[in-house]
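Here's a quick briefing for anyone opening this one for the first time. Take a look at the sequence and the 3D view, then read on.

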Amino acid sequence: TSSREAAKALQPGQPATAPGNLSLNQTLEGHNGAVLCVTWNDAFQKLTTSDESGLIIVWMLHKGMWFEEMINNRNKSVARDMKW
C-alpha cells in the first residue's frame, strides 16, 4: 500500500479500510499543525504521520482502534518524506 493510498484512507468523514475488508472510522488526534507526510508499513501494519512542527507519530492498530505507539518531537526539524 502506498503513502497516497494510506492518506486517502484517512480522509475526514470517510471510513478507512483495514485488513480483512473491515471498515474503520476514527479521527487520529495528536497533531497540532498540518500533517505533511503519511507513510504506511504493510509488514507491521503501522502508520506514521509527520506534521509541520516536526512532530512524528507512529500509530498502531490494536483491537480495532488506532493508538500512538511512539512520538518523536523534532521541534523545528521537519520530516517531509519517510520510508520504512
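What follows is a short tour, from the overall layout down to a few individual residues. Keep in mind that this is a predicted model. The protein chain is built from one helix and six strands, and its mean pLDDT is 77.

**Overall layout**
- Walk along the sequence and you get the pattern α-β-β-β-β-β-β.
- The protein chain has 84 residues, and 30% of them are buried.

**How confident is the model?**
- In the protein chain, 71% of residues reach a pLDDT of 70 or more.
- Confidence is highest in strand β5 (residues 55-62), at a mean of 92.
- At the other end of the scale is helix α1 (residues 3-9), where confidence is lowest, with a mean of 50.

**The salt bridge**
- Searching the whole structure turns up one salt bridge.
- The partners are E69 and K46, whose side chains meet at 2.8 Å, N to O.
- E69 sits in strand β6 (residues 65-73) and K46 in strand β4 (residues 46-51), so this pair ties together parts that are 23 residues apart in sequence.
- Are the two partners buried or exposed? E69 is partly exposed, with a relative accessible area of 39%, while K46 has 18% relative accessibility and counts as buried, because the cut-off for buried is under 20%.

**A look at M70**
- M70 is also found in strand β6.
- With a relative accessible area of 46%, M70 is partly exposed, since that value falls between the 20% and 50% cut-offs.
- Which residues does M70 touch, leaving aside those up to four places away in sequence? They are I56, I57 and V58.
- M70 and V58 are 12 residues apart in sequence, yet their C-alpha atoms are 5.1 Å apart in space.

Conventions: Residues numbered from 1 in each chain as written. Predicted model: local features only at pLDDT ≥ 70, side-chain atom pairs only at ≥ 80, totals over all residues. Heavy atoms only, no water. Salt bridge = Lys/Arg side-chain N within 4 Å of Asp/Glu carboxyl O. Helix = DSSP H or I, 4+ residues; strand = E, 2+ residues; numbered from the N terminus. Buried < 20%, exposed > 50% of the residue type's maximum accessible area, 1.4 Å probe, protein only. Contact = heavy atoms within 4.5 Å. pLDDT = per-residue confidence, 0-100.
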